[in-house]
Amino acid sequence: MSHFEPKPNDIDDDLARWYVIQCKGGESFRATEHLGNQGYELFLPVLEVQKKRQGRLVWVNEPLFPHYLFIRLDRVASNWRPIRSTRGVLRIVTFGDKPLPVDDALVDLLREQGTDREGATANVYFRAGETVEITEGPFKDLQAVFASHRGEERAIVLLNLLNRQQRLEIPVAQLKPQP
């Protein structure tokens, strides 16, 4: 494991840049909390996903990139030393012995997608009982009730046909949420 502390001759620029921190297994949220308490600017993109807990499906937040988070640091003004000893942090990701900055456009894109909002969800996830609209196929533009996921790409929906609720299995990509 490399311990990096920037030296004056290592300085490419004095602007704050995004870097990647590798966290200990399952400790991304802990690392984010402890680094945040130290005043660092952080970004941990999360998704809300359905998991089975004690026999029930529940919604939980999980990191988009398990074991990794982004930290914004200035190569001159930021104090890099406490990072490696922060609870939950394994190391700053380096190339060779130097941290490799992440393109700001990537972090901006992830933020625009809303993955840093509390409760953000991927487009493929819907909640049971949620009203959805079918966007393609023979049932296009009809509203249905989302029942469950069938793997990552398929869903079961309940559609009112002939005065009865019919269960249909369709691709998740053919559904959109209704406001």
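This is a predicted model: local features need pLDDT of at least 70, side-chain atom pairs count only at pLDDT 80 or more; totals for chains, interfaces and linings use all residues.
**Aromatic pairs**

Three aromatic pairs turn up when the whole structure is searched. One of them joins Tyr19 and Trp80, whose ring centres are 5.2 Å apart. The planes of these two rings meet at 65°, so the pair is edge-to-face; the cut-off for that class is over 60 degrees. Tyr19 belongs to strand β1 (residues 16-23), while Trp80 sits in the loop between β5 (68-74) and β6 (89-92). The pair therefore ties together parts that are 61 residues apart in sequence. Tyr19 and Trp80 are both buried.

Another pair is made by Phe43 and Phe70, with ring centres 5.9 Å apart. Here the planes stand at 25°, so the pair is stacked; planes under 30 degrees apart fall in that class. Phe43 is part of strand β2 (residues 41-43) and Phe70 is part of strand β5, so this contact links parts that are 27 residues apart in sequence. Phe43 has a relative accessible area of 2% and is buried. Phe70 is also buried, at 6% relative accessibility. Together with Phe65, the residues Phe43 and Phe70 form one aromatic cluster.

**Helix α1**

Which residues of helix α1 are buried? In this helix, which covers residues 28-37, they are Ser28, Ala31 and Leu35. Looking down the axis of α1, these buried residues fall within an arc of 60°, so they line one face of the helix. After α1 comes Gly39, which has a positive phi near 95°.

Most residues other than glycine have a negative phi. Asp141 is not a glycine, yet its phi is positive. Leu162 likewise has a positive phi without being a glycine.

| Residue | Phi | Location |
|---|---|---|
| Asp141 | about 75° | loop between β9 (131-134) and β10 (143-150) |
| Leu162 | about 55° | loop between β11 (154-161) and β12 (164-171) |

Are these residues buried or exposed? Asp141 has a relative accessible area of 51%, so it counts as exposed, because the cut-off for that class is over 50%. Leu162 is exposed as well, with 83% relative accessibility.

Notes:
Residues are numbered from 1 along each chain as its sequence is written. Side-chain values use heavy atoms; hydrogens and water are left out. Rings of Phe, Tyr and Trp (its six-membered ring) pair if their centres lie within 6.5 Å; planes under 30 degrees apart count as stacked, over 60 as edge-to-face and the rest as tilted. Helices (H or I, at least four residues) and strands (E, at least two) are DSSP runs, numbered from the N terminus. Buried means under 20% relative accessible area, exposed over 50%, partly exposed in between (1.4 Å probe, protein chains only). The arc is that of the directions from the helix axis to the C-beta atoms.
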